[in-house]
Amino acid sequence: MIEVQGLTKRYGRTVAVQDVSFSVKKGEILGFLGPNGAGKTTTMRVLTGFLPPTLGKVTVAGYDVMQEPLEVKRRIGYLPETPPLYPDMRVMEMLAFAGRLKGVSGNQLKQRIAEVSEKTALSDVPRKLIGHLSKGYRQRVGLAAALIHNPEVLVLDEPTAGLDPKQIIETRKLITSLAGEHTIILSTHILPEAANTCGRVMIINAGKVVAEDTPENLTARLQGYETMNLVVEGPEAEVRERLSRVTGVSRVSPSQAGNGRVAFAVQTVKGQDVRKELARAVVESGWGLLELRPVGLSLEEIFLKLTTTESADDNAGENSKETAAS
Amino acid sequence: MKNIWIIARKELAAYFHSPIAYIVLAMFTVLFGFIFYSNLRDFMMEQFLAAQYAQMYGQLTPLNVNESVIRSLVYAIAVICLFLMPMITMRLFAEEKKTGTIELLMTSPLTDLEIILGKFLGAFLLYASLLVLSLLYILILFLYGNPDGKALIAAYLGLVLLGSCYLSLGLMLSTLTRNQVIAGSLGFGLFFMLYLIGWASSYSTGQLGQLANYISFTTHIDNFSKGVIDLRDTVYYLSVIGLSLFLTARSVESVRWRA
């Protein structure tokens with residue numbers, strides 16, 4: 001549904017996004033996880049056609065963002081970080097305006113407004129001025145406006161930022177319920193949020209993709225393992241067999257082979273530095289050790305950043321979830 | 001076309017949902033009403049004097065309502081608008097940039113030109129309602145006098161063109177900033193300066209003076225106010241409108257690459 005290849009975006013000399021590539025399948029929820037200023041918003045703005053990419057190719061539903069922006073825009077519902085709402089409009093007026101902008105009109109518009117406001121629980125405030133609404137309601141109006149034309153793709157920039165814990169849970173539920181029908185990209189800087197709602201998570205830091213995996217694998221990697229990249233000159237099967245016998249190593253997966261060299265990703269138990277043992281094992285067997293590099297570290301640093309700055313929020317979210325459940 | 005109308009309707013509604021429209025229309029009616037009253041009073045005095053002369057010398061020089069009243073009223077509208085137009089245009093883009101709603105417009109399936117023309121049309125409709133209000137005053141003249149309707153139409157055509165110049169230039173200035181006050185003061189400063197150079201150069205004969213006279217918006221309303229539709233003035237106004245809208249389009253586009 002969405003294809004991004006080698007996307008780079010520069011503002012003057014600062015590089016906001018560098019060489020990002022990914023693709024999203026129909027009905028999937030992809031989460032962008034990263035600290036503030038990582039390039040999440042910029043990536044989304046390029047996807048929605050608000051900003052042109054400096055380099056790279058972005059296609060949505062088969063249409064190039066640069067070549068056929070109108071076709072792309074027709075198929076995307078976008079909720080920016082601050083919902084783009086006119087404070088002097090009433091909720092229904094805002095939804096009607098957003099609908100007309102997206103090319104919905106007449107009876108269909110009426111029907112869509114009713115559907116969307118029911119989905120986002122706005123039916124009780126149709127005549128309220130947006131300027132008088134609370135942050136949570138405004139966020140919902142923004143989401144309703146993004147959904148009004150029933151877009152194939154939904155791009156949500158921090159949809160739960162600034163909401164109270166109860167609203168966060170409601171919004172997450174709503175987003176999960178929308179998946180399948182819509183392809184969703186959402187951004188967050190809260191790890192548990194990504195884990196709860198997204199089918200796949202992409203961690204972005206300083207404009208680059210650091211990791212991409214399912215939330216389960218990412219969390220497992222974070223909690224239980226550290227990963228080493230190892231390049232060895234030697235017979236693949238034997239090296240692999242020898243490496244997995246080193247104490248502390250839990251999994252060895254070959255990533256690439258060629259030229260008589262094999263590159264391995266070695267998962268080790270966290271907190272146990274096995275680099276010395278790995279090196280000794282390779283050297284004692286008479287193979288050449290070309291590279292030994294821990295890769296989990298940068299990822300971990302980011303997680304650390306994410307979890308420490310947002311831990312207060314998370315706890316609040318989790319607590320209220322418990323009370324809601326009980 | 002449909003998209004232009006969607007934007008125009010939204011802009012017009014925004015003017016009337018906020019105090020802007022009411023303030024602009026109220027200020028206009030008060031100022032114009034005062035000028036209308038004093039012009040009419042002067043005209044009555046002249047009329048009275050002319051009648052006295054006629055009695056004394058037995059010869060009546062008829063006074064022309066178009067020439068003595070309507071012409072100066074049209075000029076008055078041009079000057080009042082110089083103050084009021086920036087109030088109409090300053091919010092058009094600056095506000096959307098400030099609140100972030102520009103993201104909604106620019107990620108909707110609309111072209112930049114449709115957005116710009118829609119906003120222009122919305123502001124123009126408010127200006128048109130202001131012109132309609134001024135016409136109500138002038139209708140009073142038709143009740144008691146016998147002004148030339150065709151000349152009046154020409155004068156209002158001139159006002160439509162002049163107002164569109166103000167609006168398109170103000171619209172352009174509004175794209176340059178996210179601060180309404182800056183957009184408004186730039187617009188007012190520019191319009192006032194254009195007025196001043198026209199006023200200051202009205203008696204000068206040098207080349208520079210003629211150029212200044214040509215550049216000023218208000219000097220071109222003169223022929224229209226007399227009931228003369230001069231091609232030169234029409235072309236001048238249309239080029240200013242076209243250039244301003246073109247610059248607006250470039251400026252809106254630059255948001256996409258400038259950041």
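A crossing of two helices is left-handed if the near helix is turned anticlockwise from the far one by less than a right angle, and right-handed if clockwise. In this predicted model, helix 3 of chain A and helix 1 of chain B cross in the left-handed sense. Chain A also holds an open sheet of six strands and an open sheet of four. Chain B has 11 helices and zero strands.

- Helix 3 of chain A contributes Glu93(A), Phe97(A), Arg100(A) and Leu101(A) to the contact.
- Helix 1 of chain B contributes Ile6(B), Ile7(B), Arg9(B), Lys10(B) and His17(B).
- By class, the residues of this contact are four nonpolar, four charged and one polar.

**Six-stranded sheet of chain A**

- The strand order is 6-7-8-3-9-10, and the pairing is mixed.
- Strand 6 (76-79) and strand 10 (208-213) of chain A each have a single partner strand, so one side of each is left without a neighbour in the sheet.
- From one strand to the next, the twist averages 15°.
- Strand 3 (residues 29-33) and strand 9 (residues 200-205) of chain A run parallel and are joined by four bridges.
- Across this pair, Gly31(A) stands opposite Val201(A) of strand 9 of chain A.
- Helix 1 of chain A, residues 40-47, packs on this sheet.
- That helix touches strand 3, strand 6, strand 7 (153-157), strand 8 (183-188) and strand 9 of chain A.
- The direction of helix 1 of chain A makes about 155° with that of strand 8 of chain A.
- Helix 5 of chain A, residues 135-147, also packs on the sheet, touching strand 6 and strand 7 of chain A.
- The direction of helix 5 of chain A makes about 165° with that of strand 6 of chain A.

**Four-stranded sheet of chain A**

- The order here is 2-1-4-5, with antiparallel pairing.
- Strand 2 (14-24) and strand 5 (63-64) of chain A are the edge strands, and each pairs on one side only.
- Strand 1 (residues 2-11) and strand 4 (residues 55-60) of chain A run antiparallel, joined by five bridges.
- Gln5(A) stands opposite Lys57(A) in strand 4 of chain A.

**Helix 1 of chain A**

- Helix 1 of chain A packs on the six-stranded sheet and also lies across strand 1, strand 2 and strand 4 of chain A.
- The helix runs at about 120° to strand 1 of chain A.
- Helix 1 of chain A is mostly covered, with six of its eight residues buried.
- The buried residues are Lys40(A), Thr42(A), Thr43(A), Met44(A), Val46(A) and Leu47(A).
- Gly49(A), just after this helix, takes a positive phi of about 85°.

**Chain B as a whole**

- Along the sequence, chain B reads α-α-α-α-α-α-α-α-α-α-α.
- Its C-alpha atoms fill a box of roughly 75 × 45 × 30 Å along the principal axes.
- Chain B has 259 residues, and 51% of them count as buried.
- Among contacts in chain B with a separation of 6 or more, 76% come from residues 24 or more positions apart.

Definitions and conventions. Residues are numbered from 1 along each chain as its sequence is written. Chains are lettered from A and ligands numbered from 1 in the order in which they are written. This is a predicted model: local features need pLDDT of at least 70, side-chain atom pairs count only at pLDDT 80 or more; totals for chains, interfaces and linings use all residues. Side-chain values use heavy atoms; hydrogens and water are left out. Helices (H or I, at least four residues) and strands (E, at least two) are DSSP runs, numbered from the N terminus. Contact means heavy atoms within 4.5 Å. Ala, Val, Leu, Ile, Met, Phe, Trp, Tyr, Cys and Pro count as nonpolar, Asp, Glu, Lys and Arg as charged, and the others, Gly among them, as polar. Two strands pair if DSSP finds at least two bridges between them. Axes are lines fitted to C-alpha atoms, for helices over the stretch in contact, and angles run from 0 to 180 degrees between N-to-C directions. Buried means under 20% relative accessible area, exposed over 50%, partly exposed in between (1.4 Å probe, protein chains only).
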